[in-house]
Amino acid sequence: MTEYEQLAAIADDLLERADEDEVRLARLLDGLSPEVREDLLRSDLLNAYQAYYYYFRENPGELPTERLMLAPASETLRGVLLTEVDLFDLVFLCGKAGAEIAVTDGEQEYRRFSGKNARKTAETYVLEELA
């Protein structure tokens, strides 16, 4: 694990160089060692939207983006509400398995999706299998 002060300095540098551009930030994160990158993507130094964008390389929409921006990336270890589809929640999680979108009704988790189209696949799953 990277020392917090060192990690904070790296985050400050990246955020300054990215200048609020998530595409540029993702590219800068790509250039880090896997250990440092994963520490940053699960820390309070980045927000959950920056982590989401890094893993999925897409903007999830206005309301989900606002929700993710308000949560630190460290919250993705437990899960951050991304959006609702019908009566189900799509939750963004980051763990040892990487980034995933979980489908839940608040009490039961039905399925997790990963990969480039995880959010869209999770939405389709809810609409075609659960709704």
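Reader: What makes Tyr52 count as buried?

Author: In this predicted model, Tyr52 has a relative accessibility of 0%. Buried means under 20%, so Tyr52 counts as buried.

Reader: Why does Phe56 count as buried?

Author: The relative accessibility of Phe56 is 3%. Since the cut-off for a buried residue is under 20%, Phe56 counts as buried.

Reader: What makes the rings of Phe56 and Phe92 an edge-to-face pair?

Author: Their centres are 5.9 Å apart, and rings pair if their centres lie within 6.5 Å. Their planes stand at 65°, and planes over 60 degrees apart count as edge-to-face; the pair is therefore edge-to-face.

Reader: Which parts does the pair of Phe56 and Phe92 tie together?

Author: Phe56 belongs to helix H4 and Phe92 to strand E2 (residues 88-95), so the pair ties together parts that lie 36 residues apart in sequence. Phe92 is buried, as is Phe56.

Reader: How many aromatic pairs does the ring rule give?

Author: The count comes to seven aromatic pairs. One of them joins Tyr52 and Phe56, with 4.9 Å from centre to centre and 45° between the planes.

Reader: Why are Tyr52 and Phe56 separated by about one helical turn?

Author: Both residues lie in helix H4 (residues 48-56), and they are separated by about one helical turn because they are four residues apart there. Ring pairs link Tyr52, Phe56 and Phe92 into a cluster.

Reader: How do you know that Arg111 lies over the face of Tyr125?

Author: Arg111 is at 5.5 Å from the ring centre of Tyr125, and the distance rule asks for CZ of Arg within 6 Å. The rule also requires a position within 35 degrees of the ring normal. Arg111 is accordingly listed as lying over the face of Tyr125.

Reader: Is Leu127 buried or exposed?

Author: Leu127, in helix H6 (residues 118-130), has a relative accessibility of 53%. Exposed means over 50%, so Leu127 counts as exposed.

Reader: Why are H1 and H2 called oblique to each other?

Author: Helix H1 (residues 4-18) and helix H2 (residues 22-30) pack at an angle of about 140°, with their axes 8 Å apart. Roughly antiparallel would need an angle over 145 degrees, and roughly perpendicular covers 65 to 115; H1 and H2 are therefore oblique to each other. The contact is made by Leu14, Leu15, Arg17 and Ala18 of H1 with Arg24, Leu25, Leu28 and Leu29 of H2.

Definitions and conventions. Residues are numbered from 1 along each chain as its sequence is written. This is a predicted model: local features need pLDDT of at least 70, side-chain atom pairs count only at pLDDT 80 or more; totals for chains, interfaces and linings use all residues. Side-chain values use heavy atoms; hydrogens and water are left out. Rings of Phe, Tyr and Trp (its six-membered ring) pair if their centres lie within 6.5 Å; planes under 30 degrees apart count as stacked, over 60 as edge-to-face and the rest as tilted. Helices (H or I, at least four residues) and strands (E, at least two) are DSSP runs, numbered from the N terminus. Buried means under 20% relative accessible area, exposed over 50%, partly exposed in between (1.4 Å probe, protein chains only). Axes are lines fitted to C-alpha atoms, for helices over the stretch in contact, and angles run from 0 to 180 degrees between N-to-C directions. Angles under 35 degrees count as roughly parallel, over 145 as roughly antiparallel, 65 to 115 as roughly perpendicular and the rest as oblique. Contact means heavy atoms within 4.5 Å.
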